[in-house]
Amino acid sequence: MNDFENLSISSAIEGLANKNFTSLELTEFFIKKIEKNKDLNCFITSTFDKAIEMAKISDQKIKENEARPLEGIPIGMKDLFCTNGVRTTAGSKILENFVPFYESTVSNNLWNSGAIMLGKTNMDEFAMGSANTTSFFGNVKNPLGSKVNKELVPGGSSGGSASAVSSGLCLGSTGSDTGGSIRQPASFCGLVGLKPTYGRCSRFGMIAFASSLDQAGPITKTVEDSALMLQAMVSFDKRDSTSSRQSIPDFSDFKKLSIKGKRIGIPKEYMIDGLNSDIKKIWDSGISWFKREGAEILEISLPHTKSALPTYYIIAPAEASANLARYDGIRYGFRHNADDLNDLYQKTRGFGFGKEVKRRLMIGTYVLSAGYYDAYYLKALKVRKLISQDFEDSFQKCDLILTPTTPNVAFPIGEKQTNPIEMYLNDVLTVPASLAGLPAISVPSGFNSEKLPIGLQLIGKPFDEISVLAAGAVIEESRGF
Amino acid sequence: MSIDNSTVKKVAKLARIEINEEEETTLIAELNNILGWVDELKQVNTDSVEPMLSVFNESMQMREDKAESNFDNNQILDNSPESNSGFFVVPKVVE
């Protein structure tokens, strides 16, 4: 059998078109590989029978020259996307037995493009976490940990998705990003993670965490793959009131776009205390690569950067406390028996939610409660405006912003568990773009002294994913691996 | 401002989450820590700044006010912990 482990989506499409292998061969390879690597705990639910069935249909389409854009490409689906007839848990006990009878728009779009579902990937409970250590279904391991003989976190919340692609268990996967949940795990696992502009991907059927921030995106090995998957995922959807009607470009046009003459902003505020020195070095290398390609580098200022994380930790829990009110133990999900209704709600939610989720629901409830709403929630909404304004002002002067994705590389499982804020700090460099709804990509750019991957982040103007991808490709070509 | 036992109890009740005494103690410390940290936002001048509820700035579209149902009752009830004769079952709420 071929070794498909290092295959990219684009080369798989070519191989399938040239009849070098079939989708069934590809799919069976990944099924075996997933079974061999159960210890990584990447998948909550596997859908192998469905995958084989889909692969056979794909092979038929290829044979009849009717291949769709992602025909026969096996992927992992984050367990945050509702899949018709396939259990969808969001990593929570409270949805342990939930089987949707409808399909999320993003997953539906992917299946309509010919992609094949291998299973539902593990994630932090309700996407609340940065290390994939809050899932009811257990921790996910980063496959790169074996390089340093440590059990490392894959990042979160899309940890299962990132670990699965990094260990070659699928060709690509979906993630969702509320404050960094695509970009941070992609960076920790040496992958490309793209959060498109808010509104590009429909949120219909995506289990809600913080609706004004949640956005789906792909996790892949290459920038080209990222463009291919993104193309399949996006659509205008009338079932999502914030789905954008902006025209959808051909994202592969990024290949035609030159970075020469583009202005790349380097925000001085991202030079935070505690930024790992290896990461700082790679950031400098990134600057030199863009200079070499003829881009203009300029220092910019995003003065409210340091307020972004506290703002996020008011807004996201506030929205979560409203969104997660639906888990009441009555209409679906886990129920804890009780004699009266209030007791039923309280016990169901007390036993059904994990620690981190309860912590955030408590914060969210508190900041929205009478007497504190203005001081916390309203204040945070105003600071969000200032953060967004910073980006708008900067994009008058530059076309793209280059920063590190994370302040540190992947850390051992069990670290940063005692103080929640320490865990939250993982997202300090990704959260600002989330609050402003901007497209941002993380691209593997180098390694630390232990050979663990370091990602650089490129942030673009609203709906300018093409420039973000084009700049990501410059990193790919320049980094020397 | 600091959070004490009675605040944690009140918030847990509002959020409909049962917490035991041990969780209560941990939450008091954690919430104080987190709220103390987000308090730094108070130093940001937001005079005459409009609150930003969403980054989405396209106008929302009107649609006909028409009910559409694509699902049948059984599909929906299949996911419920307890149902009877086409209804969700809850503990008795009226005397």
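## Salt bridges within each chain

Lys42(B) and Asp39(B) form a salt bridge in which the closest N and O atoms are 2.8 Å apart; a salt bridge here is a side-chain nitrogen of Lys or Arg within 4 Å of a carboxyl oxygen of Asp or Glu. The model is predicted: local features need pLDDT of at least 70, side-chain atom pairs count only at pLDDT 80 or more, and totals for chains, interfaces and linings use all residues. Residues are numbered from 1 along each chain as its sequence is written, chains are lettered from A and ligands numbered from 1 in the order in which they are written, and side-chain values use heavy atoms, with hydrogens and water left out. Lys42(B) has 45% relative accessibility and counts as partly exposed. The classes are buried (under 20% relative accessible area), exposed (over 50%) and partly exposed (in between), with a 1.4 Å probe and protein chains only.

Over all chains the structure holds 26 salt bridges. One of them joins Glu71(A) to Arg68(A), with the closest N and O atoms 2.8 Å apart. Glu71(A) is buried at a relative accessible area of 4%, whereas Arg68(A) is partly exposed at 26%. A further salt bridge is formed by Lys255(A) and Glu224(A), where the closest N and O atoms are 2.8 Å apart. This pair links distant parts of the chain, 31 residues apart: Glu224(A) lies in helix α7 (223-233) of chain A, and Lys255(A) in the loop between α7 and β7 (263-267). Helices (H or I, at least four residues) and strands (E, at least two) are DSSP runs numbered from the N terminus. Glu224(A) is partly exposed, with a relative accessible area of 29%.

## Interface of chains A and B

Chain B places 51 residues in contact with 71 residues of chain A, contact meaning heavy atoms within 4.5 Å. The size of an interface is often given as the accessible area lost when the parts come together. Between chain B and chain A the buried area is about 5,400 Å², and carbon and sulfur atoms give 69% of this area. Buried area is the accessible area (1.4 Å probe) that two parts lose on being put together, summed over both.

Four salt bridges are found across the interface of chain B and chain A. Glu82(B) and Arg335(A) form a salt bridge, with the closest N and O atoms 3.4 Å apart. On the side of chain B that touches chain A, the elements giving two or more residues are α1 (5-14), α2 (21-38) and α3 (73-77) of chain B. The largest share, nine residues, comes from α2(B). The residues of this side divide into 31 nonpolar, nine polar and eleven charged; Ala, Val, Leu, Ile, Met, Phe, Trp, Tyr, Cys and Pro count as nonpolar, Asp, Glu, Lys and Arg as charged, and the others, Gly among them, as polar. A network of salt bridges links Glu30(B) with Glu356(A), Arg359(A) and Arg360(A).

## Strand β4 and Lys78 of chain A

Strand β4 of chain A (residues 172-177) is mostly covered, with six of its six residues buried. Gly172(A), Thr174(A) and Ser176(A) point one way from β4(A), and Ser173(A), Gly175(A) and Asp177(A) point the other way. Strand β2 of chain A (residues 74-78) pairs with β4(A) in the parallel sense over two bridges; two strands pair if DSSP finds at least two bridges between them. Ser173(A) in β4(A) is the bridge partner of Gly76(A). β4(A) also pairs with strand β6 of chain A (residues 215-220), in the antiparallel sense over five bridges, and Ala216(A) in β6(A) is the bridge partner of Ser176(A).

Lys78(A) lies in strand β2 of chain A and counts as buried at 0% relative accessibility. Residues that Lys78(A) touches, not counting those up to four places away in sequence, include Lys120(A), Ser158(A), Thr174(A), Gly175(A) and Ser176(A).

Seven of the eight residues of strand β10 of chain A (residues 440-447) are buried. Strand β5 of chain A (residues 192-195) runs antiparallel to β10(A) and is joined to β10(A) by three bridges. Leu194(A) stands opposite Ile441(A) in β10(A).

Strand β11 of chain A (residues 453-460) is also antiparallel to β10(A), with seven bridges joining the two. Ile454(A) in β11(A) is the bridge partner of Gly446(A). β10(A) and β11(A) form a hairpin with five residues between them, and Lys451(A) in the turn has a positive phi of about 70°.
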